Amino acid sequence: MITSLSSDSYSSSPATSEWKLSQVFGDELPGEDVQNIDIISAIEFDKSGNYLAVGDRGGRVVIFEDNGDKNNLLGCTSRKELERLDSVVSKHPKFQYKTEFQSHEPEFDYLKSIEIEEKINKVRWCATPNGSLFVLSSNDKTIKLWQVKEHKGKKVKEIDTSQPISSENSLLAVKSYENGQKPASDHSLEWTEYMENGIQSYNGGHNKVSCFTDSTVARCRKVYAHAHEFNVNSISVNSDWETFLSGDNLRINLWNLEVNNQCFNIVDMKPTNMEDLIEVITSAEFHPFHCNLLAYSSSRGFLRLVDMRQSALCDHSARILKDEGSHGPKSFFTEIIASITDMKFANDGRHILSRDYMNLKLLSSLFMADTPNYAAQLCDLYNNDAIFDKFDCCLAGDQLNFATGSYSNLLRVFSYGTGGDEGVTIEASKNPNRKPHIQTTTRPRRSSLSSLSRGFYRHGHDKPSTVNNEFSYDFNSKLLHLAWHPTTNLIACAAGNSLLLHYA
């Protein structure tokens with residue numbers, strides 16, 4: 001059964017709406033150099049849109065949660081202000097830092113004598129039983145299942161007193177401790193209380209005051225390793241919430257979330273002689289609600305839709321989808337730029353959005369992801385390997401709007417069936433139209449886990465961030481990773497080590 005979203009969530013076309021910057025996390029301080037390990041490499045919303053997972057090149061995963069306007073309520077003290085906020089409906093979610101954990105560490109493959117980076121390639125959300133959050137994270141070789149759970153801890157403080165204390169004064173002492181104020185004595189023990197003639201007395205000269213505090217704990221539940229000869233480029237959780245796939249350049253494996261020592265190979269494109277290799281797998285994803293269907297893309301620009309019920313090995317019974325139209329003269333770079341770097345199913349399961357180097361395609365429709373004036377610079381882009389950059393794409397929940405990134409940290413938003421194919425161009429920056437800064441120096445690794453927690457309540461400017469067509473491209477700044485909120489017009493995108501949220 002296909003369900004449609006309420007029209008209230010998408011009141012107007014994002015391609016014709018005014019996009020504004022909502023929040024910025026991890027923005028570098030003035031004079032601070034951006035470290036390679038802090039650069040964001042993966043972004044994913046959960047199905048509800050209440051949580052956002054972000055992975056970086058340092059092997060860390062940072063979780064953000066929708067605060068539900070809690071910050072606004074905390075700042076209001078009068079009843080009048082609370083009543084005013086009670087009637088105000090938030091136009092877009094506001095996120096806050098929840099927790100982070102070190103998912104992967106750098107390793108060394110002694111058989112092949114190569115280093116395995118800790119960089120997070122993909123993060124995917126799993127089902128959330130018993131109020132716990134489950135996240136799949138992957139680097140080049142290993143996939144891990146993490147459980148993120150709320151944990152209530154007990155803090156204890158000891159108060160040295162031999163004098164009877166009234167109930168009112170003891171209540172004030174407890175409130176003071178719960179608010180973080182340090183009592184006169186630093187001892188710790190647990191209190192016992194009894195009421196007698198309106199006076200609350202304490203047992204002995206040393207008495208304990210305790211309170212409960214909430215904390216978030218991340219625990220690795222499963223490790224799925226030693227199943228890929230080549231670098232993992234895709235993970236996708238099935239709609240049955242029991243299985244997931246992992247794909248590398250030549251193979252796609254099917255896993256059960258509860259079994260980490262066995263997987264099934266369902267697609268194998270490795271030829272007997274590697275000299276006969278003509279294409280590789282670039283992305284793979286399950287159908288949004290048919291658990292037997294999946295699609296994967298290749299470096300030749302093909303999309304293959306397969307049904308796991310037809311054959312145990314699915315690569316020979318695939319339905320091939322490809323845009324046969326020629327969009328420009330053929331050259332040495334034609335096959336390189338035809339490689340599909342990312343693909344996504346629409347929520348209705350009937351459309352597939354794909355992104356190659358130059359274009360964003362929705363089945364038979366074509367949208368230019370970048371202006372064609374830099375096509376003449378393909379030779380320079382090839383020499384500095386920029387032509388192999390892998391840009392993500394994302395779809396809105398209404399299935400008619402989609403977005404992708406480009407150079408100069410530009411965000412491109414398109415709408416199907418409304419307006420032209422140009423879409424809207426937005427600069428993903430706290431200061432739009434500023435002079436690009438090219439990073440040339442590096443610094444050693446910091447001891448802190450992440451800079452994303454910085455800017456906990458740092459909101460962006462509520463001003464339009466659309467740029468004009470004369471903006472010069474900076475090929476050193478690229479917006480590779482982004483995700484669309486499942487229920488509202490909110491896009492999270494990564495510009496270097498900064499996480500920016502735009503809304504319309």
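This is a predicted model: local features need pLDDT of at least 70, side-chain atom pairs count only at pLDDT 80 or more; totals for chains, interfaces and linings use all residues.

1. Residues are numbered from 1 along each chain as its sequence is written, and side-chain values use heavy atoms, with hydrogens and water left out.

2. Have a look at Thr-282, in strand S19 (residues 281-286); strands are DSSP runs (E, at least two residues), numbered from the N terminus. Thr-282 counts as buried because its relative accessibility is 16% (buried means under 20% relative accessible area, exposed over 50%, with a 1.4 Å probe and protein chains only).

3. The side chain of Thr-282 makes a polar contact with the side chain of Ser-297 at 2.7 Å (a pair of N or O atoms within 3.5 Å, where one must be able to donate a hydrogen and the other to accept it; residues adjacent in sequence count only if both atoms are side-chain atoms). That side chain of Thr-282 also reaches the backbone oxygen of Ile-340, at 2.5 Å. Arg-300 is 18 residues away along the chain from Thr-282, and their C-alpha atoms are separated by 9.6 Å.

4. Ser-41 belongs to strand S2 (residues 40-45). With 3% relative accessibility, Ser-41 counts as buried. Beyond neighbours within four places in sequence, Ser-41 has contacts (heavy atoms within 4.5 Å) that include Asp-56, Lys-119 and His-481.

5. Phe-332, by contrast, counts as exposed, at 57% relative accessibility.

Conventions
Helices (H or I, at least four residues) and strands (E, at least two) are DSSP runs, numbered from the N terminus.
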